[in-house]
Amino acid sequence: MVRFKNRYLLVEFRWHDGRVDATLTDAVVLGAIRQAVAHDFGDVGAGAAAAGLAVKYWSATTSLAVVRCGRDAHRRVWASMTMLRDVKGRAVMARVLHNASTLRSSRAATRSRVEAAFARLVARGGMPGGASAAAAGTEAAKVAIDAMCE
């Protein structure tokens with residue numbers, strides 16, 4: 001029996017309006033990625049990518065996502081996310097920060113990016129509650145990231 005090999009893409013979404021939207025869920029992000037793959041590569045590309053496509057982690061506060069896809073289709077998914085221009089009517093730029101073959105290495109990269117993102121929010125004054133809320137948010141994100149690997 002052959003094992004299904006995956007790739008895990010750590011993606012940062014940069015919203016042009018700069019707002020944090022808590023109504024965006026992992027299902028909405030997954031739908032936007034599937035729609036982008038179908039638009040860019042047609043039905044055949046969407047069918048090849050849809051087999052293993054899933055959002056393993058999503059944080060609306062930091063706009064970071066870990067997307068699982070098949071090893072054979074990860075370049076198509078990466079290209080489609082790079083060309084993604086809007087999600088739910090909001091202008092966005094998606095950037096792949098890390099490409100991992102295991103969930104464990106993806107977790108390490110995600111944790112470091114989450115800490116940096118919360119530090120950026122505190123520095124620019126975009127975190128309600130200041131540094132203490134950022135510390136609590138960082139710890140909650142670490143718990144969610146660790147739960148992703150279980």
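In this predicted model, the charged end of R90 sits over the ring of W15, 4.5 Å from the ring centre; a charge counts as over a ring if NZ of Lys or CZ of Arg is within 6 Å of the ring centre and within 35 degrees of the ring normal. The model is a prediction, in which local features need pLDDT of at least 70 and side-chain atom pairs count only at pLDDT 80 or more, while totals for chains, interfaces and linings use all residues. Residues are numbered from 1 along each chain as its sequence is written, and side-chain values use heavy atoms, with hydrogens and water left out.

With a relative accessible area of 8%, R90 is buried, where buried means under 20% relative accessible area, exposed over 50% and partly exposed in between (1.4 Å probe, protein chains only). R90 forms a salt bridge with D17, with 2.8 Å between the closest N and O atoms; the term requires a side-chain nitrogen of Lys or Arg within 4 Å of a carboxyl oxygen of Asp or Glu. This pair links distant parts of the chain, 73 residues apart: R90 belongs to strand 5 (residues 90-100), and D17 to the loop between strand 1 (6-15) and helix 1 (26-50). Helices (H or I, at least four residues) and strands (E, at least two) are DSSP runs numbered from the N terminus.

R90 also meets the side chain of D21 in a salt bridge, at 3.6 Å from N to O. Here too, distant parts of the chain are linked, as D21 lies in the loop between strand 1 and helix 1, 69 residues from R90 in strand 5. D21 is buried, at 18% relative accessible area. D17, by contrast, is partly exposed at 40%, and D17 forms a further salt bridge with R19, whose closest N and O atoms are 3.1 Å apart. R19 is likewise partly exposed, with a relative accessibility of 48%. Through shared partners, these salt bridges join D17, R19, D21 and R90 into one network. In total, the model has 5 salt bridges.

An open sheet is formed by 5 strands in the order 2-3-1-5-4, with antiparallel pairing; two strands pair if DSSP finds at least two bridges between them. Strand 2 (54-59) and strand 4 (86-87) each have a single partner strand and stand at the edges, so one side of each lacks a neighbour in the sheet. Strand 4 pairs with strand 5 in the antiparallel sense over 2 bridges, and R90 in strand 5 is the bridge partner of V87.

The aromatic side chains complete the picture. The structure holds 2 aromatic pairs; rings of Phe, Tyr and Trp (its six-membered ring) pair if their centres lie within 6.5 Å, with planes under 30 degrees apart counted as stacked, over 60 as edge-to-face and the rest as tilted. F13 and W15 are stacked, at 6.2 Å centre to centre and 20° between the planes. F13 is buried at 4% relative accessible area, and W15 is buried at 12%. F13 also pairs edge-to-face with W58, at 5.6 Å centre to centre and 75° between the planes. This pair links distant parts of the chain, F13 in strand 1 and W58 in strand 2, 45 residues apart. W58 is buried as well, at 15%. Together, F13, W15 and W58 form one aromatic cluster.
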